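Hi,

Here is the structure I promised to pass on. Have a look at it first, and then read on for what turned up.

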Amino acid sequence: IWTKDASFKIIGASSTSNLAKLFNIKRREIIESAAYQSCWPIEIKDYMNTVSKFENTYNGFMQSVSVGSSVIGQGAQLLISDDLIDPLEAFSKAVRENTCFWYGSTFYGRVQDKAKAKRININQRLHKQDISGYIEQNYKHFQRLVIPMQKMEKTTSTVHWEDPREIGEFIQPSRYGEKEKEEEYAGLGVYGWSSQYQQSPV
């Protein structure tokens, strides 16, 4: 985004502080790389350069927060939520409800211009009432892109996207095929594999 508008402000959220910071570090590493700087020489302010938030000389920033944390006084143009629920806690009703409540009451509104704000949610499905289920039920303007490990006959995506694979074909068979599926299926079971790999918690 900074390649087109260096003043753009982004807040990214994840399930834990460590994961949120890791994503922010990776973003900063790309921006500070020689390849990036050779095309877009964007300078990070020395006094605003931490693992949780860094800001450039055009006042654009990228900040990381975790579920449950306060973001009072912060405002962005893009909100990215990425893996807000840990798979180990997906069957905890309290965790799911607390995560969805935090998203709706705190994170969702942390934008500068509500008419133009962009929001992206990324996650593997873990439960019918996970954050994706919550968004689908409460925010009808969200569009959905679903890419299952194995192509299914029908898609649940709401955006137009043509999957070039044949029915039943894996995304990258050389890395994950029937053998790998069988090994994980034994531990995850029908519900676990269908949720996490097919994005279909049934």
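One term before anything else: a residue is called buried under 20% relative accessible area, exposed over 50%, and partly exposed in between, using a 1.4 Å probe and protein chains only. Keep in mind that this is a predicted model, in which local features need pLDDT of at least 70 and side-chain atom pairs count only at pLDDT 80 or more, while totals for chains, interfaces and linings use all residues. Residues are numbered from 1 along each chain as its sequence is written, and side-chain values use heavy atoms, with hydrogens and water left out.

First, the overall layout. The protein chain has five helices and six strands, where helices (H or I, at least four residues) and strands (E, at least two) are DSSP runs numbered from the N terminus. Reading from the N terminus, the order of elements is β-α-α-β-β-β-β-α-β-α-α. The C-alpha trace spans about 50 × 40 × 30 Å along its principal axes. Of the 202 residues in the chain, 40% are buried.

Now the largest pocket. It holds about 950 Å³ of space. A pocket here is an open set of points on a 1 Å grid over the protein atoms alone, where a 1.4 Å probe fits, with protein on both sides within 12 Å along at least five of seven lines; lining residues have an atom within 4 Å of a point. The volume is the space filled by probe spheres set on the points, and grid points are joined across faces, edges and corners.

The lining of this pocket counts 33 residues, and those nearest its centre are Asn121, Ser132, Arg144, Leu145 and Val146. Strand S6 (118-122) and helix H4 (131-138) each give at least two residues to the lining, and S6 has the largest share, with five residues. Sorted by class, the lining has 15 nonpolar, eleven polar and seven charged residues. For that sorting, Ala, Val, Leu, Ile, Met, Phe, Trp, Tyr, Cys and Pro count as nonpolar, Asp, Glu, Lys and Arg as charged, and the others, Gly among them, as polar.

Leu145 turns up again on the surface. Together with Ile147, Val159, Trp161 and Ile171, Leu145 forms a nonpolar patch with about 430 Å² of accessible area. Patches are built from residues with over 30% relative accessible area and no salt bridge, joining nonpolar side chains (Val, Leu, Ile, Met, Phe, Trp, Tyr) within 5 Å and like charges within 9 Å. The areas come from the Shrake-Rupley method with a 1.4 Å probe, and for residues only the protein chains shown count as cover. Leu145 sits in the loop between H4 and helix H5 (178-196) and counts as partly exposed because its relative accessibility is 49%. Val159 is also found in the loop between H4 and H5, and with a relative accessible area of 32% it is partly exposed.

What about salt bridges, and how many does the structure hold? There are six, a salt bridge being a side-chain nitrogen of Lys or Arg within 4 Å of a carboxyl oxygen of Asp or Glu. Here are three of them:

- Arg125 pairs with Asp130, with the closest N and O atoms 2.8 Å apart. Arg125 is buried at 12% relative accessibility, and Asp130 is buried at 2%.
- Asp163 pairs with Arg165, with the closest N and O atoms 2.8 Å apart. Asp163 is buried at 15%, and Arg165 is buried at 10%.
- Glu183 pairs with Lys179, again with the closest N and O atoms 2.8 Å apart. These two are about one helical turn from each other because they are four residues apart in helix H5. Both Glu183 and Lys179 are exposed.

Last, two backbone details. Most residues other than glycine have a negative phi. Asp83, however, has a positive phi near 55°. Asp83 lies in the loop between S5 and helix H3 (93-107) and is partly exposed at 28% relative accessibility. Gln199 also has a positive phi, near 60°. Gln199 is in the segment after H5 and, with a relative accessible area of 18%, is buried.

Cheers
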